[in-house]
Number of protein chains: 2
Amino acid sequence: MVNQSDPDPLGRVFQAMADPTRRAIVERLVRGPATVKAIAEPLTMSLPAVMQHLQVLQAAGVIVTEKVGRVRSCRIEPTALRQAEQWLGRQRTETERQLDQLDDYLKGK
Amino acid sequence: MVNQSDPDPLGRVFQAMADPTRRAIVERLVRGPATVKAIAEPLTMSLPAVMQHLQVLQAAGVIVTEKVGRVRSCRIEPTALRQAEQWLGRQRTETERQLDQLDDYLKGK
């Protein structure tokens with residue numbers, strides 16, 4: 001869930017995506033929820049470093065973490081990524097819009 | 001143009017988009033090229049601060065600047081934004097993919 005009191009929630013999502021490790025974690029989690037241990041396993045860094053990246057993703061509303069017994073697992077919360085994607089989607093120049101329309105026309109849409 | 005020797009060009013684009021002023025500049029420039037003066041005009045900050053934001057956007061390959069005589073103007077270079085949009089578009093959970101398919105089906109696509 002995106003934090004509503006955050007003055008720039010979209011900025012936090014983009015900031016979270018600015019790091020290659022955090023993008024790798026997102027790429028892992030879109031395939032399904034995973035424990036912190038499973039997320040950390042392929043990454044060449046300490047567990048505290050991984051936890052820090054997970055905290056940034058969580059603060060941006062990109063992931064949700066849940067503790068069941070002693071195991072903490074993470075999953076994607078899709079809304080934040082979709083809002084960032086939609087913002088980028090709206091940033092199209094007139095030339096791009098015209099090319100999109102031509103493309104749709106040629107595909108018979 | 002995205003700098004090919006940059007170890008993380010996509011990270012630079014997301015970093016550039018993490019700031020609300022830089023997003024406002026992008027929103028202005030998708031409507032058409034503009035001079036630095038015209039970009040700075042609605043922004044409540046000094047010209048050097050605006051120039052710094054433009055430099056971040058330029059280093060990320062999001063904008064191109066050109067000096068004609070004494071006037072520097074800026075325009076969007078769409079590739080970088082489209083690459084970031086496409087990366088986000090690929091980060092869809094299985095549930096989202098299924099909902100997208102259902103949506104396409106209901107729309108008769």
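**A walk through the pocket, helices and sheets**

By class, the lining of the largest pocket splits into 6 charged residues, 2 polar ones and no nonpolar ones. Keep in mind as you look around that this is a predicted model.

Let's stay with that pocket for a moment. The space inside comes to about 210 Å³. Which residues line the largest pocket? From chain A you'll find Arg82(A), Glu85(A), Gln86(A), Gly89(A) and Arg90(A), and from chain B there are Glu85(B), Arg92(B) and Asp100(B). Helix H5 of chain A, residues 78-90, supplies the largest share of that lining, with 5 residues.

In chain A, H5(A) has 13 residues and reaches 19 Å from its first C-alpha to its last, close to the 18 Å expected at 1.5 Å a residue. Its buried residues are Ala80(A), Leu81(A), Arg82(A), Ala84(A), Glu85(A), Trp87(A) and Leu88(A). An α-helix has 3.6 residues a turn, so residues three or four places apart point the same way.

Over in chain B, helix H5 covers residues 78-90. H5(B) has 13 residues and spans 19 Å between its first and last C-alpha, close to the 18 Å expected at 1.5 Å a residue. Buried here are Ala80(B), Leu81(B), Arg82(B), Ala84(B), Glu85(B), Trp87(B) and Leu88(B).

Now for the sheets, beginning with chain B. There you'll see an open sheet of 3 strands in the order E1-E3-E2, with antiparallel pairing. Strand E1 (34-35) and strand E2 (63-68) of chain B stand at the edges with a single partner strand each, so one side of each has no neighbour in the sheet. How many bridges join E2(B) to strand E3 of chain B? There are 6, and E2(B) and E3 (residues 71-76) run antiparallel.

E1(A) pairs with strand E3 (residues 71-76) of chain A over 2 bridges in the antiparallel sense, and Thr35(A) has Ser73(A) as its bridge partner in E3(A).

What about the cysteines? Cys74(A) is buried at a relative accessible area of 1%, and Cys74(B) counts as buried at 1% relative accessibility. A search of the whole structure turns up 0 disulfides over all chains.

One last stop is a loop in chain A. Thr44(A) lies between helix H3 (36-40) and helix H4 (47-59). Is Thr44(A) buried or exposed? At 80% relative accessibility, Thr44(A) counts as exposed. From Thr44(A) to Arg92(A) is 48 residues in sequence and 38 Å in space, C-alpha to C-alpha.

Technical notes
Residues numbered from 1 in each chain as written. Chains lettered and ligands numbered in written order. Predicted model: local features only at pLDDT ≥ 70, side-chain atom pairs only at ≥ 80, totals over all residues. Heavy atoms only, no water. 1 Å grid on protein atoms, 1.4 Å probe; cavity = no way out; pocket = protein on both sides within 12 Å on 5 of 7 lines; lining within 4 Å. Points joined across faces, edges and corners; volume = space filled by probe spheres on them. Helix = DSSP H or I, 4+ residues; strand = E, 2+ residues; numbered from the N terminus. Nonpolar A, V, L, I, M, F, W, Y, C, P; charged D, E, K, R; others polar. Expected span 1.5 Å × (residues − 1). Buried < 20%, exposed > 50% of the residue type's maximum accessible area, 1.4 Å probe, protein only. Pairing = 2+ DSSP bridges. Disulfide = S-S within 2.5 Å.
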